[in-house]
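Trainee: I am new to this structure. Can we go through it by question and answer?

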Amino acid sequence: MAEVQFRFRDDEPVADPGVTVDAFGEQTNAAAVRLEPGDDARDLLPHLDRIRLVEVNFPVFGDGRGYSSARILREAGYTGELRAVGDVLVDQIAFMRRCGFDAFAPDVALDPADAEAAFGRYADVYQPTTDGRAPIWAKRHG
Amino acid sequence: MYQYDTYDQAMVDARVEEFRDQVRRRLAGHITEDQFKPLRLMNGLYLQLHAYMLRVAVPYGTLSGAQMRMLGDIADKYDRGYGHFTTRQNIQYNWIKLEDAPDILADLASVEMHAIQTSGNCIRNTTSDQYAGAAADEVVDPRPYAELIRQWSTFHPEFSFLPRKFKMAVIASDTDRAAMRLHDIGIQIVRNAAGEIGAAFYVGGGMGRTPMIAPCINAFVPIDQMITYAEACLRVYNRHGRRDNKYKARIKILVHELGKDEYTRQVEAEFAHLLTQNIEPPLAELERIKGFFADPAFEVGAPDVLDRSDPDFALWVDNNCLPHKQPGYIAVTISLKPVGGIPGDATGEQIRVMADLATRYSFDELRVTHAQNIVLPHVRKADLYALWQVLDANGLSTPNLDQIGDIIACPGLDYCSLANARSIPIAQKISQRFQGREQEIGELKLKISGCINACGHHHAGHIGILGVDRKGTENYQLLLGGCEGADTSLGQITGPGFDEDGIVDAVQRATDFYLSNKQDGERFLDTYRRLGMAPFKEAIYG
Amino acid sequence: MKILTGNDLKTGAVTWWDGVQWSLHVEDAVDVGDHAETILARESAARRVNAAYAIDATRDEQGVRPAHIKERIRALGPTVRPDLTLKPADPDAGNWVI
């Protein structure tokens with residue numbers, strides 16, 4: 001399993017690897033789950049109180065279903081770790097961060113300087129998400 | 001028209017630096033072409049048949065004089081002296097160097113322009129009615145709504161890696177001049193019985209290899225929920241659109257396979273959820289944007305007559321100018337379809353001439369049309385003859401709007417690496433063949449695509465031509481009866497294809513048959529609809 | 001024969017493998033036999049070419065002729081703009097692609 005390269009949380013990371021969504025329903029003590037692109041993030045909503053880590057897998061960077069999965073979990077009030085794993089590239093991480101990811105475990109480690117630039121590239125954003133940033137329209141009419 | 005504030009400007013400036021960095025990493029070998037390709041595409045940079053091609057966004061087709069002038073300067077400074085206006089109201093340059101691309105984007109940013117999301121599997125540049133703000137039949141000016149969508153869709157974090165590209169159009173009149181129902185989402189701004197403004201959503205239209213006309217999934221979304229509804233449409237698509245087959249990945253396939261009712265049900269459920277998330281911009285933001293689209297300072301009492309004594313001028317007025325909502329004014333279409341020319345191409349000098357005319361005679365405003373022409377939306381009738389003389393002196397006065405010579409054509413195999421056959425030579429031969437007979441034939445929208453992707457809108461042509469590869473040689477299929485607009489229909493293939501000269505002959509047989517059989521006042525399309533395919537087929541194949 | 005074509009990474013110009021480097025002229029193209037994969041991998045990794053691929057071609061009295069019209073247009077330039085092709089002085093150059 002790839003190392004977590006970036007983590008924007010202070011709590012202790014969950015050491016267990018995520019179980020599949022199917023297994024998760026049966027393992028009532030599991031606190032970590034792994035979502036594949038075809039999984040329905042809403043299947044996890046009844047269990048959010050016991051989940052501490054959701055790994056969202058990006059087998060190929062062009063498959064963008066994980067972005068919706070992340071937002072759905074955050075919109076439902078999930079506050080545990082949301083970790084992007086797999087084909088996570090430097091030019092995707094800012095979008096992922098905005099969709100609620102707060103940990104990144106890329107298959108191939110990113111250049112730290114490039115990643116820092118990517119996270120901080122855009123001072124303002126047009127859309128509100130659950131990342132807490134005020135959208136431009138809110139600033140215009142604040 | 002819309003003007004950037006510091007937020008909008010910071011966004012495009014940051015984008016220039018981001019792309020400069022991406023190009024640097026590619027040239028230094030830090031990223032592979034496979035990794036770079038989606039990044040450059042999201043900035044409109046393709047690798048085409050001969051070189052890199054840069055597609056610049058013209059949001060809802062509206063340009064200022066300064067922006068148009070910059071487009072002309074870029075053609076001369078970085079390209080080979082010309083640009084190509086596209087069927088999505090954009091402009092593309094055919095001979096761009098990768099190492100120049102960041103500087104071009106910086107030049108564009110200096111006039112509030114960009115190439116953001118002009119390609120890639122993301123929400124593309126939103127298109128609109130080229131006569132917005134001038135048309136007598138519009139409920140409201142659709143452009144403020146399109147600008148709201150532009151901002152919402154720019155770098156949308158959830159929808160930048162969709163199953164496939166995503167095109168939206170916004171109109172606000174029953175006369176659809178933007179082929180709205182042939183888009184992934186078409187929005188018609190409407191007024192309900194209570195006088196309130198809302199958005200009708202048409203989802204799942206498109207051309208390409210599986211042409212479909214979008215069904216209406218919600219006839220009235222309150223205007224202060226339009227963005228939320230669009231977000232719901234996109235989320236259902238992003239989650240459930242097919243990703244196993246590139247050719248079945250557009251939203252039209254999802255809507256078709258789920259069925260309109262089931263897709264709508266899922267959208268409504270997602271919409272109900274998203275309404276709780278407070279993602280909709282306030283109406284104050286729409287009002288702020290609307291302020292930029294207020295009517296220009298029309299001269300009250302401007303003379304409402306034209307001196308038609310010059311017959312060439314009178315013909316051009318009759319063919320290329322449209323009534324304006326303001327007395328004494330007229331909307332002008334500059335045809336980029338000279339006989340024997342390349343549809344949609346303009347030289348740097350011609351682009352600057354049109355920019356100067358806009359500044360002088362049209363409140364500094366131009367539009368790009370999806371038919372690859374340029375509109376000067378607000379011209380005083382008193383200035384029209386002087387304007388026409390400048391156009392005439394610069395090869396821009398072809399009087400053929402919506403006639404057989406006003407051909408939509410994609411770049412085809414002369415430029416495009418996806419094409420199977422050349423489109424432009426066919427357009428050139430047809431416009432030459434019918435020179436002098438355009439008036440007699442009347443309105444006839446002829447559209448040519450060089451491959452099944454249908455950038456030349458062949459499905460929507462009264463006469464459509466599709467180039468295919470038949471065992472290594474170019475071959476052309478003929479379609480009849482397509483139409484965009486309120487009565488959208490898809491063209492039907494007549495039968496076996498033709499070679500390059502054969503297709504021109506076939507078009508002539510079809511138009512000859514029309515002329516012999518038309519009834520009073522019928523256009524080509526009307527005669528076709530009345531008689532059907534069989535007699536046309538007989539005339540064409542004999 | 002098998003020949004290789006691609007684009008220059010920086011300029012985008014169409015190029016052809018001449019056995020030593022990448023040439024702008026299709027007549028310089030050489031038969032790579034069954035070495036296409038090796039050459040493409042090496043040259044792409046070194047960023048001396050971009051988006052390169054192998055095609056079939058023949059050699060006749062006029063030189064190297066790609067088997068498919070798409071690469072013949074790549075070799076010449078846009079047929080509708082003879083002034084921008086590699087043979088602007090030859091009025092019949094466009095016929096070669098057909």
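Trainee: How many residues does chain B give to the contact with chain C?
Mentor: Keep in mind that this is a predicted model. Two residues are in contact if their C-beta atoms lie within 7 Å. On that basis chain C gives 20 residues, and chain B gives 22 residues.

Trainee: Which element gives the largest share of the side of chain C that touches chain B?
Mentor: Two elements of chain C give two or more residues to that side: strand S4 (50-60) and helix H2 (69-76). By type, the residues of that side are nine nonpolar, seven polar and four charged. The largest share is four residues, and these come from H2(C).

Trainee: In what order do the elements of chain C run?
Mentor: Chain C has two helices and five strands. Read them from the N terminus on. The order is β-β-β-α-β-β-α.

Trainee: What radius of gyration does chain C have, against that of a compact globule?
Mentor: The C-alpha trace of chain C spans about 40 × 30 × 20 Å along its principal axes. Of its 98 residues, 33% count as buried. A compact globule with 98 residues would have a radius of gyration near 13 Å. Chain C agrees with that, at 13 Å.

Trainee: Which domains does the domain assignment give for chain B?
Mentor: Take them in order along the chain. They are domain 1 (6-109), domain 2 (127-290), domain 3 (311-393) and domain 4 (408-541).

Trainee: Which element gives the largest share of the side of domain 1 of chain B that touches domain 3 of chain B?
Mentor: The C-alpha centres of these domains of chain B lie 26 Å apart. Their contact takes 22 residues from domain 1 and 21 residues from domain 3. On the domain 1 side, strand S3 (62-64), helix H3 (65-78) and strand S4 (82-85) of chain B each give two or more residues. The largest share, eight residues, comes from H3(B).

Trainee: How do the residues of that domain 1 side divide by type?
Mentor: Sort the residues of domain 1 of chain B that make up the side touching domain 3. They divide into seven nonpolar, 11 polar and four charged.

Trainee: How far apart are the end C-alpha atoms of residues 403-540 of chain B?
Mentor: UniProt, in an unreviewed entry, lists residues 119-273 and 403-540 of chain B for "domain: Nitrite/sulphite reductase 4Fe-4S". Residues 119-273 are 31% helix and 17% strand, with end C-alpha atoms 30 Å apart. Residues 403-540 are 35% helix and 17% strand, and their end C-alpha atoms lie 20 Å apart.

Trainee: What is the distance between the end C-alpha atoms of helix H15 of chain B?
Mentor: H15(B) covers residues 500-517, which is 18 residues. At 1.5 Å a residue, the helix should span 26 Å. The distance found agrees with this, at 27 Å.

Trainee: What covers the buried residues of H15(B)?
Mentor: The buried residues of H15(B) include B:Ile503, B:Val507, B:Ala510 and B:Tyr514. An α-helix has 3.6 residues a turn, so residues three or four places apart point the same way. The cover includes helix H13 (424-433), helix H14 (438-441), strand S18 (463-470), strand S19 (473-480), helix H16 (524-531) and helix H17 (533-541) of chain B.

Trainee: Is A:Ala76 buried or partly exposed?
Mentor: A:Ala76 lies in the loop between helix H2 (65-75) and strand S5 (81-86) of chain A. Beyond its neighbours within four places in sequence, A:Ala76 is in contact with A:Leu45 and A:Leu48. A buried residue needs 20 or more other C-beta atoms within 10 Å. Because A:Ala76 has 14, it is partly exposed.

Notes:
Residues are numbered from 1 along each chain as its sequence is written. Chains are lettered from A and ligands numbered from 1 in the order in which they are written. This is a predicted model: local features need pLDDT of at least 70, side-chain atom pairs count only at pLDDT 80 or more; totals for chains, interfaces and linings use all residues. Ala, Val, Leu, Ile, Met, Phe, Trp, Tyr, Cys and Pro count as nonpolar, Asp, Glu, Lys and Arg as charged, and the others, Gly among them, as polar. The expected span of a helix is 1.5 Å times one less than its number of residues. A residue is buried if 20 or more other C-beta atoms lie within 10 Å of its own, exposed if 12 or fewer, and partly exposed in between; C-beta atoms are placed from the backbone. UniProt positions are given in the numbering used here, feature names are shortened, and annotations may be inferred rather than shown by experiment. The radius of gyration is taken over C-alpha atoms; the globule rule is 2.2 Å times the number of residues to the power 0.38. Domain bounds come from an automatic or database domain assignment.
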